[in-house]
Amino acid sequence: MKVLVPVKRVVDYNVKVRVRSDGTGVETAGVKMSMNPFDEIAVEEAIRLKEKGVVSEIIAVSLGVAACAETIRTALAMGADRGILVETDAELQPLAVAKLLRALAEREQPRLMILGKQAIDDDMNATGQMLAALLGWSQGTFASKITIDGDTATVTREVDGGLETVALTMPAIITTDLRLNEPRYASLPNIMKARKKPIETVRPADLGVDPAPRLKTLRVVEPPKRQAGAKVASVAELVAKLRTEAKVI
Ligand code: AMP
């Protein structure tokens, strides 16, 4: 069974995100970029399924600027078999990503696609769901456990009230939640080996998709600065402050 894993290049999760001075977006120049953490979990899960003998080939796909090839290399070093870079300088929004991934799914015919539940840069949490709708495939989002048996994928989902377990008929789209697994670090020998694994580059036009944005970002602003906390000496003082300063009681 072939699995396709989309991996997005995002600002590293350790970096303090700054808004560009002109308010048009987040500063990415000179900032450390890494694979979206939920996508690392997706790659890890695909590798574990391969180690169990359920999966035969893992294809890592990244969409965006040429540097996204580095993100694919990371997935190859973890254990993916080959990569596809959909190269474009266009700003990619979830609908365009979902259409491009649909075109790749039609070409590659995977039985399963594992995505992150969301990309930590713009927190859209939309691509997996849109892709499942476009393809007409089953979907299991926010997965914290995945078991594959024949043509059925059983997915435990993290929902507000607890856990929900769904049985999906494949082909299926699964999106990962944080507790699904702990991704491995790529070992040095595997990083070396990954250099020889193939990455194919295609352009959106090759896939017959116009990636032009449908949504316009009007303005991006930093969250308001939090005021420093203060210690109070007694409950009476706390109540007085809540009444007269915070005016919440
Ligand atoms: P989002 O809907 O933007 O929060 O992204 C959800 C998931 O879709 C991510 O975790 C990735 O698996 C996938 N994805 C979104 N954008 C891209 C991209 N440009 N390249 C590769 N995968 C992507």
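Start by selecting β3 (33–35), α1 (37–51) and α2 (68–78): each supplies at least two residues to the lining of the second largest pocket. The model in the viewer is predicted. Within this lining, α2 has the largest share, 4 residues.

The pocket has a volume of about 560 Å³. Colour the lining by residue class: 11 of its residues are nonpolar, 5 are polar and 6 are charged.

Stay on α2 and display its side chains. Its buried residues are Cys 68, Thr 71, Ile 72, Ala 75, Leu 76, Ala 77 and Met 78. Step just past the end of α2 to Gly 79, where phi is positive, about 150°.

The chain contains 6 helices and 11 strands, and its C-alpha trace spans about 65 × 40 × 40 Å along the principal axes.

Select the sheet in cartoon view. Nine strands form an open sheet with mixed pairing, in the order β9-β8-β7-β10-β6-β1-β4-β5-β11. At the edges are β9 (162–169) and β11 (199–202); each has a single partner strand, so one side of each has no neighbour in the sheet. On average, neighbouring strands of this sheet are turned by 30° against each other, direction ignored.

Then turn to the packing. In soluble globular proteins, nonpolar side chains tend to be buried together. Here the largest nonpolar core has 35 residues, and Val 5, Val 43, Leu 112 and Ile 174 are those with the most contacts inside it. Two or more residues of this core come from each of β1, α1, β4, α2, β6 (112–116), β7 (138–149), β8 (152–159) and β10 (172–176). The element that gives the most to the core is α1, with 7 residues.

Go on to helix α4 (residues 127–135) and pick Ala 132. Is Ala 132 buried or exposed? Its relative accessibility is 2%, so Ala 132 counts as buried.

The last stops concern the backbone. Select Met 170 and Pro 171, which are joined by a cis peptide bond with omega of about 5°. Pro 171 is in the loop between β9 and β10.

Move to Asn 125, in the loop between β6 and α4. Asn 125 is not a glycine, yet has a positive phi of about 50°. With 26% relative accessibility, Asn 125 counts as partly exposed.

Finish at Lys 247, in the segment after α6 (235–244). Lys 247 also is not a glycine and has a positive phi, about 55°. What is the relative accessible area of Lys 247? The value is 64%, and Lys 247 is exposed because the cut-off for exposed is over 50%.

Methods
Residues are numbered from 1 along each chain as its sequence is written. This is a predicted model: local features need pLDDT of at least 70, side-chain atom pairs count only at pLDDT 80 or more; totals for chains, interfaces and linings use all residues. Side-chain values use heavy atoms; hydrogens and water are left out. On a 1 Å grid over the protein atoms alone, a cavity is a set of points where a 1.4 Å probe fits but cannot get out, and a pocket is an open set with protein on both sides within 12 Å along at least five of seven lines; lining residues have an atom within 4 Å of a point. Grid points are joined across faces, edges and corners, and a volume is the space filled by probe spheres set on the points. Ala, Val, Leu, Ile, Met, Phe, Trp, Tyr, Cys and Pro count as nonpolar, Asp, Glu, Lys and Arg as charged, and the others, Gly among them, as polar. Two strands pair if DSSP finds at least two bridges between them. Axes are lines fitted to C-alpha atoms, for helices over the stretch in contact, and angles run from 0 to 180 degrees between N-to-C directions. A nonpolar core is a set of buried Ala, Val, Leu, Ile, Met, Phe, Trp, Tyr and Cys residues joined through side-chain atoms within 4.5 Å. Buried means under 20% relative accessible area, exposed over 50%, partly exposed in between (1.4 Å probe, protein chains only).
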